[in-house]
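Please keep the sequence and the 3D view open as you read.

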Amino acid sequence: MALVTTDFARYCRTRRDVTILAAAGPLTQNVLMTVLGSLVVIGGMPEVVDYLMAHNTDLGPEAAAAAGSTYVMQNTGAFFVVFAGWAGFITIYAAQAKAQAINAYSGSLSLVNLVDSLTGRKPGRAVMVVAGNIVALVMIAAGILEKFTDYLAYLGSMTLGICGVMIADYYLVRRARYDRSTHRVERWNWAGVITLVLSAAVGIALMATDVFSLGFLVSFALTLVVYPVLRRVLPEGTGTSFVSDQEAAEEAV
């Protein structure tokens, strides 16, 4: 949400609008939707339990309730269909379509930036949406869904690492100043790349070895410490070139 908000914020008119956007997204996703989802589960669980008992006479009330809880956590679509029929199917289908469209768009931005930085060519977001979906299909074929929970935890280390680098760069290195007099646009920020790889690797290792199940928080904290130090060792322009203001503006639009 933080990364997508960064992209959407370019449409805001003022800094106040950016603040409203940055607060509204996470609150809606993590608070409002959690509350509404809980109400749906509470209201729909009796009907789901009755359905399961009617279609499987071996299930008692407790076993059916446990099976319904499993639907909630592992097969939300089935829960909605059993609870609300066609209305439930349309709701869950629309929700998944919307979520995947946003995910595909966000991924295409990253791929466009990557290809542009490596080759100087801009393939376009539509092309990268297709490329991103092909990568996703390959990952599914390779069995990523069987390790999806672990994958999300590891992804959290990388995502929080990116957020940590951005926060450290703006607040700790630049002291909340970001204008032409204090910054030029680099093709590669090697201090940021090294910090991200190091912090994500540490967080993933902690979770993979069961040393600390919240390794992604360690990744975030580590970026705040490591990045300012590396930025002094690898200042702007180290091992890279700069992009003109016009190119940067065109990319942002």
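Of the protein's 253 residues, 21% count as buried, where buried means under 20% relative accessible area, exposed means over 50%, and partly exposed lies in between (1.4 Å probe, protein chains only). This is a predicted model, in which local features need pLDDT of at least 70 and side-chain atom pairs count only at pLDDT 80 or more, while totals for chains, interfaces and linings use all residues. Residues are numbered from 1 along each chain as its sequence is written, and side-chain values use heavy atoms, with hydrogens and water left out.

**Overall layout**

The protein has nine helices and two strands; these are DSSP runs numbered from the N terminus, with helices (H or I) of at least four residues and strands (E) of at least two. Starting at the N terminus, the order of elements is α-α-α-α-α-α-β-α-α-β-α. The C-alpha trace spans about 70 × 40 × 40 Å along its principal axes. Contact here means heavy atoms within 4.5 Å. Among contacts between residues at least 6 apart in sequence, 66% join residues at least 24 apart.

**Two helix pairs**

Two packed helices are described by the angle between their axes and the distance between the axes. The axes are lines fitted to C-alpha atoms, for helices over the stretch in contact, and the angles run from 0 to 180 degrees between N-to-C directions. Here are two pairs from this model.

| Helix pair | Axis angle | Axis distance |
|---|---|---|
| α7 (residues 190–208) and α8 (residues 215–233) | about 155° | 8 Å |
| α2 (residues 15–55) and α3 (residues 61–74) | roughly 125° | within 9 Å |

How are α7 and α8 oriented to each other? They are roughly antiparallel, since angles over 145 degrees count as roughly antiparallel, under 35 as roughly parallel, 65 to 115 as roughly perpendicular and the rest as oblique. Helix α7 passes α8 in a right-handed crossing; a crossing is right-handed if the near helix is turned clockwise from the far one by less than a right angle, and left-handed if anticlockwise. On the α7 side, the residues making the contact include Ala191, Leu198, Ser199 and Met207, and on the α8 side they include Phe216, Ser219, Leu222, Tyr227 and Arg231. By class, this contact has 13 nonpolar, seven polar and one charged residues. In that scheme, Ala, Val, Leu, Ile, Met, Phe, Trp, Tyr, Cys and Pro count as nonpolar, Asp, Glu, Lys and Arg as charged, and the others, Gly among them, as polar.

Helices α2 and α3, by contrast, are oblique to each other. Their crossing is right-handed. Val41, Met45, Val48, Val49, Leu52 and Met53 of α2 meet α3 residues including Pro61, Ala64, Gly68, Ser69 and Tyr71. The contact of α2 with α3 divides into twelve nonpolar, two polar and no charged residues.

**Residues to look at along α7**

Ser199 sits in helix α7 and is buried, because its relative accessible area is 1%. Leaving aside neighbours within four places in sequence, Ser199 is in contact with Gly161, Ser219, Leu222 and Thr223.

Met207 also lies in α7 and counts as buried at 10% relative accessibility. Beyond its neighbours within four places in sequence, Met207 contacts Ala153, Tyr154, Ser157, Phe212, Ser213, Gly215 and Phe216.

Not counting residues up to four places away in sequence, Ile204 touches Tyr154 and Ser157. Ile204 and Gly156 are 48 residues apart in sequence, and their C-alpha atoms are 8.9 Å apart in space.

**Asp169 in α6**

Now turn to Asp169, which is in helix α6 (residues 148–173). Asp169 is buried, with a relative accessible area of 11%. Which residues does Asp169 contact, leaving aside its neighbours within four places in sequence? They are Arg174, Asn189, Tyr227 and Arg231.

**Aromatic rings**

The structure holds seven aromatic pairs. The rings of Phe79 and Phe80 have their centres 6.5 Å apart and their planes at 70°, so this pair is edge-to-face. Rings of Phe, Tyr and Trp (its six-membered ring) pair if their centres lie within 6.5 Å; planes under 30 degrees apart count as stacked, over 60 as edge-to-face and the rest as tilted. Ring pairs link Phe79, Phe80 and Phe83 into a cluster. Phe79 counts as buried, at 1% relative accessibility.
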